[in-house]
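Work through the exercises below with the sequence and the 3D view side by side. Try each task before reading its solution.

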Amino acid sequence: MKKQNWKNRDGVVYSTGNNFEYQYNEEEASQESLSPELQNLRVLLDKKQRAGKSVTLVTGYVGGDDDLKELGKQLKTKCGVGGSVKDGEILIQGDFIDKVLELLITMG
């Protein structure tokens with residue numbers, strides 16, 4: 001008999017069927033990253049909900065999370081500041097719009 005992981009069963013309370021097997025939702029396949037020329041990225045300065053501190057946001061990336069994290073890491077390293085990658089956005093601490101635009105253009 002196949003061992004089923006009861007922690008992953010969302011919404012099933014009890015089944016009286018003898019042959020019941022829970023069907024798990026399979027994760028969606030990761031999105032293919034577009035080539036750099038086809039990306040439509042937006043770079044903007046954001047101060048909302050950040051205690052008055054400015055953050056440079058890079059939005060509009062189409063692709064996998066791993067590629068987005070790698071791009072975020074490259075931008076943070078080149079700017080010499082911290083930041084994070086959340087919800088499909090790259091957050092870079094500080095006002096680095098010009099530098100980020102220049103870096104993105106040189107990367108393609």
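**Exercise 1.** State the order of the strands in the open sheet and how they pair.

Solution. Four strands form the sheet, in the order β1-β2-β4-β3, with antiparallel pairing. Strands (E, at least two residues) and helices (H or I, at least four) are DSSP runs numbered from the N terminus, and two strands pair if DSSP finds at least two bridges between them. At the edges stand β1 (42–46) and β3 (83–86); each has a single partner strand, so one side of each lacks a neighbour in the sheet. The model is predicted: local features need pLDDT of at least 70 and side-chain atom pairs count only at pLDDT 80 or more, while totals for chains, interfaces and linings use all residues. Residues are numbered from 1 along each chain as its sequence is written, and side-chain values use heavy atoms, without hydrogens and water.

**Exercise 2.** Find how many bridges join β3 to β4, and the partner of G83.

Solution. The two antiparallel strands are joined by four bridges. One of the pairs is G83 with I92 in β4.

**Exercise 3.** Identify the strands that α1 touches.

Solution. α1 packs on the sheet and touches β2 (55–59), β3 and β4. Contact here means heavy atoms within 4.5 Å. Within α1 (65–79), take L68: leaving aside neighbours within four places in sequence, L68 is in contact with Y61, V85, G88, E89 and I90.

**Exercise 4.** Identify the strands that α2 touches.

Solution. α2 also packs on the sheet, against β1, β2 and β4.

Technical notes. Axes fitted to C-alpha atoms, helices over the stretch in contact; angles between N-to-C directions.
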